[in-house]
Amino acid sequence: MELKTSGIDRPEQKITNKAQEERDRVAEFDILRALAITLLLFHHGGIYNFSVFGFSLKPLMHYMELLLLGSFVFMSGYFSIASLKRSSFGDFLKTRLLRIYIPYIAALGLFILLLELDVSAADIAIHLLGGQMLFSPQFTSPILTLWYIGLILVFYVLFGVLYKTIRSPLLLFAVLVAIFLLAALIRMEWGFIARRFFYYFFIYLAGFFTARQGWLQALTSTRFFLLDKVLALAAGAALLAPVQDRVGQGVDPQLLVAVNVYILSVVIFTLSLARLLSPWLAHHKFISTLSYASFFMYLSHRPIWALLLELYRPSSLQALSLYLIVVGGSAVLIFSYYLQRFYNRLLLPRRLAPQR
């Protein structure tokens, strides 16, 4: 005869279930991270030079750009909470300095040398300080790809300070909205603060609050066969469609609403789908490798591609895209994976597992 223990869990079972849940959540983000970095290579490699069944892929450009970058920003906000909870603000910044800023500085040097960027001494100083998001477009222009690091550095400081000083979630949210509105006023009056700050501010905030409030499980529920997530994604894509041509050209309320709704709908859909597929994909070696190497892939793919183009440059646009995506993507993955392993060993004692 079995005793029914419905509603009563043994302590060790609770611990096991919680640990399993955390592993599953990491697996979901690994899948999202692997997808985002793959789309980045396709996006920058020029996949839009191709057509499928006679239909050009160019109309998908802004959808793909917002998906991959929005995913990275959402994850940055989400995972910053874990660091802030277990450390002081000073230790949090020190960790970000070691893990994010130092590789960024190395990448900045490679970009300037290998991509032959036209930057002044003032530009370099602003970029070294990670201030391109705050001083653009008035005093500088963000460097392609690397602008993302400047953006999340600003968010790390801003959200980190407020998280450590404001305990009420409602008050924290209100203060952040007020800062967003103040930033919009500064842009209108004096021309400071890059448009991407406004595109991704609430995406970082969404990731931040999802982790802070423990909303991830509810948001990524797989009930109804993801029908609710599919409908939300369709609505987000439809909302973006009439304004997508304005992405990258400025900031206005209609565009910001469309961009944020689309990004959040596609991120939640992807995480939900990843949760559904995680039993089959969670331990896939290729996905875990992509996820592990993704940060250095993001930083290094353009310099590596520049070197490869010095060795060989295909004559047609389609051949060029295939060369960058297939050959260049493989080279970037291998280089970044081993560079990440080496960098982790520099940062962490041997007894600790590398953090992703």
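**View 1. Helix α2 is largely enclosed by the rest of the structure, because 21 of its 26 residues are buried.** Buried means under 20% relative accessible area (1.4 Å probe, protein chains only). This is a predicted model: local features need pLDDT of at least 70, side-chain atom pairs count only at pLDDT 80 or more, and totals for chains, interfaces and linings use all residues. Residues are numbered from 1 along each chain as its sequence is written, and side-chain values use heavy atoms, without hydrogens or water. Helices are DSSP runs (H or I, at least four residues), numbered from the N terminus. Helix α2 covers residues 61-86. The expected span is 1.5 Å times one less than the number of residues.

**View 2. α2 packs on α8 at about 40 degrees.** Their axes are 7 Å apart. Axes are lines fitted to C-alpha atoms over the stretch in contact, and angles run from 0 to 180 degrees between N-to-C directions. The residues of this contact divide into 13 nonpolar, six polar and three charged. Asp, Glu, Lys and Arg count as charged; Ala, Val, Leu, Ile, Met, Phe, Trp, Tyr, Cys and Pro as nonpolar; the others, Gly among them, as polar.

**View 3. α6 (residues 147-165) packs against α8 (residues 195-213) at about 50 degrees.** Their axes are 11 Å apart. Contact (heavy atoms within 4.5 Å) involves residues including Trp147, Phe155 and Tyr163 of α6 and Arg196, Phe201 and Arg212 of α8. The contact residues comprise 14 nonpolar, no polar and two charged.

How values were computed: Helices (H or I, at least four residues) and strands (E, at least two) are DSSP runs, numbered from the N terminus. Buried means under 20% relative accessible area, exposed over 50%, partly exposed in between (1.4 Å probe, protein chains only).
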